[in-house]
Amino acid sequence: MSRSLNPEYTISQIKRIVESNERSEIRLNANGGNSILLVCPPEQEFEFIEKLTELMPQETYRIIDINEILISFVETYKSDLAEMFHLLKGSVHQIFKAPEGETGPDLFKHLLSAIKQTYSEQKTPILIHSGALYGSGIDNIHLMENELVMKSKLPLIILYPATQEGDRLMFLNTRPASKYRCMIVK
């Protein structure tokens, strides 16, 4: 059973960390990474999204909705998806995250493109609806260890619906989370 959190307090903690001159605190706590996992109980995800929208100024932060990116990807490639699913029966996750070195379109590249665009605007990206990635073969560690994120001056913030089981974070109550390249705020 997860405890109820105060989204406003937790988000203000993140703003303090990101906006402070001591941003090295993130890399120190994230094993050299440049990401923050904003952990929230799954049942409070919408409340956290509402507060993020309210409290994070659009001049310095950009909320990236993974649901919207997934829908855009499907709409853009809908004529190819049926064939891709047929060809990749045993490796459907490759539709969403192509193997290293392959150049075809995939959801992962669309997501990285949105993050890159946000960084080019000198804004901190905040990913919401990360549950849309469940089963896609894209894990938070793929984003956190990506060169774009690791080398950026600004961190990546991921709203992460998870529960705590002992010392493990369980993404959407079901899957152990990687906590290696991120600072955890809960």
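At 1% relative accessibility, F73 counts as buried. This residue of the predicted model is the starting point of the tour.

**Stop 1: F73 and its surroundings.** Please select F73, which lies in helix α4, residues 66-76. Which residues does F73 touch, not counting those up to four places away in sequence? They are L81, I95, F96, P105, D106, L107 and H110. For a sense of scale, select K123 as well: F73 and K123 are 50 residues apart in sequence, and their C-alpha atoms are 23 Å apart in space.

**Stop 2: the aromatic rings.** The structure holds 2 aromatic pairs. One of them joins F73 and Y77, a tilted pair with 5.3 Å from centre to centre and 50° between the planes. Both F73 and Y77 are buried. Next, display F96 beside F73: the ring centres are 6.5 Å apart and the planes stand at 50°, so this pair is tilted. F96 is buried, its relative accessible area being 16%. Selected together, F73, Y77 and F96 form one aromatic cluster.

**Stop 3: a charge over a ring.** Select K97 and F108. The charged end of K97 sits over the ring of F108, at 5.0 Å from the ring centre.

**Stop 4: the nonpolar cores.** Now select L111, I115, L127, L143 and L156, the residues with the most contacts inside the largest nonpolar core, which has 33 residues. Several elements each supply at least two residues of this core, among them β1 (35-40), α4, α7 (107-120) and β4 (156-165). Which element gives the largest share of this core? It is α7, with 7 residues. Centre the view on L127 to follow the packing: leaving aside neighbours within four places in sequence, L127 is in contact with I64, I66, L111, I115, L143, L156, I157, I158 and L159. A second, separate core has 20 residues, including I14, I17, I36 and I128.

**Stop 5: the cysteines.** How many disulfides does a search of the whole structure find? It finds 0. Select C40, which is in no disulfide; the nearest cysteine sulfur, in C182, is 14 Å away. A disulfide requires the two sulfur atoms to be within 2.5 Å. C40 counts as buried, at 1% relative accessibility, and C182 likewise counts as buried, at 2%.

**Stop 6: the whole chain.** Along its principal axes, the C-alpha trace spans about 45 × 40 × 30 Å. Buried residues make up 45% of the 186 residues. Of the contacts with a separation of 6 or more, 75% are between residues 24 or more positions apart.

Note on methods: Residues are numbered from 1 along each chain as its sequence is written. This is a predicted model: local features need pLDDT of at least 70, side-chain atom pairs count only at pLDDT 80 or more; totals for chains, interfaces and linings use all residues. Side-chain values use heavy atoms; hydrogens and water are left out. Buried means under 20% relative accessible area, exposed over 50%, partly exposed in between (1.4 Å probe, protein chains only). Helices (H or I, at least four residues) and strands (E, at least two) are DSSP runs, numbered from the N terminus. Contact means heavy atoms within 4.5 Å. A nonpolar core is a set of buried Ala, Val, Leu, Ile, Met, Phe, Trp, Tyr and Cys residues joined through side-chain atoms within 4.5 Å. Rings of Phe, Tyr and Trp (its six-membered ring) pair if their centres lie within 6.5 Å; planes under 30 degrees apart count as stacked, over 60 as edge-to-face and the rest as tilted. A charge sits over a ring if NZ of Lys or CZ of Arg is within 6 Å of the ring centre and within 35 degrees of the ring normal.
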